[in-house]
Amino acid sequence: MPSPYRAIFSTPGTKGFSAAGFLGRMPLSMMGIGVVTMISQLTGRYGLAGALSATLAMSAAVCGPQVSRLVDRYGQRRVLRPVTLVAVAAVAGLLVCAQQGAPEWTLFVFSVGAGCVPSVGSMVRSRWAEIHRGSARDLHTAYAWESIVDEVCFIFGPIISIGLSTAWFPEAGPLIAAAFLLVGVFWLTAQRATEPVPHPKSQHTGGSALRSRGLQVLVATFVATGAIFGGVDVVTVAFAEERGHKAAASLVLAVYALGSCLAGAVFGLLHLKGNPATRWLVGVGAMAVSMIPLLLAGNLPLLAVALFVAGLAIAPTMVTTMALVEAHVPRTKLTEGMTWTSTGLAVGVALGSSAAGWVVDAAGAKAGYAVPAVAGALAAAVAFLGYRRLAGPAATGGRGEDDRDLRTDGERVA
């Protein structure tokens with residue numbers, strides 16, 4: 001392991017919570033695509049599959065920030081365990097209803113409950129922020145590491161979910177995803193030594209973290225970015241099925257995540273200076289441009305190459321996003337602030353997967369890639385229009401109103 005990564009794991013407990021976070025985040029890449037695969041196999045309807053996947057994402061978007069706000073006040077263990085049990089029970093109900101051919105409205109009801117999952121990635125990143133709060137360099141590497149973990153989840157998650165659902169039984173993917181969530185959350189919350197200390201209610205003033213003007217730009221951009229991801233997932237499954245290789249969709253999506261994983265690994269080794277908002281804007285623009293070749297891919301190998309290139313912009317942009325969140329959100333609302341970016345992605349995934357499903361049903365898989373292309377253009381436009389909010393001085397510097405500092409590299413950090 002390169003020395004910057006070795007350094008961040010020198011603190012006791014870091015390996016344990018990062019490993020637990022890996023398991024807890026596997027459903028992020030497994031549940032939505034697992035539901036799409038399950039429903040498409042059971043009913044043959046991509047529109048319904050996309051709508052259910054969108055419902056899952058929308059539910060997570062609504063519940064996630066509220067769960068994280070409670071975590072900031074009461075701690076991870078006290079909040080995450082009951083919330084996880086509710087989500088797992090809802091997944092069980094969804095699978096039973098799908099398998100038994102229950103009315104469609106029951107599928108949507110249980111999808112709402114299944115989407116009530118904690119943002120495990122935000123919980124892990126808040127632990128890193130607490131441990132490496134005084135070192136911008138170590139925190140950059142830690143965020144890069146977690147982006148690598150995210151992408152490893154997206155490499156193996158779809159393979160596991162789609163592979164089990166096509167080779168074993170349709171409900172297998174979502175079932176295993178629920179098991180990962182249960183084990184990961186309970187393992188993470190069992191590690192009390194690295195759990196951030198909750199802040200007293202008296203410190204939670206000023207309303208939601210979303211009142212930050214900088215965070216508003218990040219979340220709005222991530223809605224469009226999430227539509228890219230949701231659209232790519234649904235359309236790629238349909239694209240592979242049209243060519244008689246539906247199971248290969250998991251491998252193609254894994255290549256997409258592999259590009260991001262490799263870029264994130266290299267990005268974590270760099271000690272970058274200058275304004276992070278500029279790097280973020282370039283990253284969003286690169287993601288938008290990388291969607292254009294998908295419209296031209298005529299077979300799975302070309303699609304895989306195009307997605308690999310597209311993936312190179314993802315992890316560096318996500319790492320920079322976390323640094324910007326920390327710079328623009330008070331310390332007492334950090335977990336909530338990180339979750340709002342995930343919420344933006346979830347809303348976008350919901351919109352993108354739903355729109356892509358309907359386009360595929362109406363015009364075919366290749367036409368469906370217009371959805372992520374349009375979403376990329378919107379993301380770039382929003383990022384450009386909101387750039388000045390992120391590039392200017394942060395109101396809190398990520399440390400709360402009474403605890404500000406500027407590091408020598410010109411970046412405001414917590």
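Helices here are DSSP runs of H or I with at least four residues, numbered from the N terminus. Residues are numbered from 1 along each chain as its sequence is written, and side-chain values use heavy atoms, with hydrogens and water left out. This is a predicted model, where local features need pLDDT of at least 70 and side-chain atom pairs count only at pLDDT 80 or more, while totals for chains, interfaces and linings use all residues.

**Exercise 1.** Find the helix that holds M287, and decide whether M287 is buried or exposed.

*Solution.* Start with the place of M287: helix α11, residues 276-289. Next, take its relative accessible area, which is 3%. Buried means under 20%, exposed over 50%, and partly exposed in between (1.4 Å probe, protein chains only). M287 is therefore buried. To finish, look across to G311: the two C-alpha atoms are 7.8 Å apart in space, although M287 and G311 are 24 residues apart in sequence.

**Exercise 2.** Work out how helices α2 and α6 are arranged.

*Solution.* First locate them: α2 covers residues 14-43 and α6 covers residues 120-131. Their axes lie 8 Å apart, at an angle of about 165°. Axes are lines fitted to C-alpha atoms, over the stretch in contact for helices, and angles run from 0 to 180 degrees between N-to-C directions. Angles over 145 degrees count as roughly antiparallel, under 35 as roughly parallel, 65 to 115 as roughly perpendicular, and the rest as oblique. So α2 and α6 are roughly antiparallel to each other.

**Exercise 3.** List the salt bridges, and describe where their residues sit.

*Solution.* A salt bridge needs a side-chain nitrogen of Lys or Arg within 4 Å of a carboxyl oxygen of Asp or Glu. The structure holds three.

- E146 and R25 meet at 2.3 Å, N to O. Since E146 lies in helix α7 (residues 136-167) and R25 in helix α2, the pair ties together parts that are 121 residues apart in sequence. Both residues are buried.
- R192 pairs with E195, their closest N and O atoms being 3.1 Å apart. E195 counts as buried, at 13% relative accessibility.
- R243 and E242 join at 3.4 Å, N to O. R243 is partly exposed at 31%, and E242 is partly exposed as well, with 48%.

Key. Helices (H or I, at least four residues) and strands (E, at least two) are DSSP runs, numbered from the N terminus.
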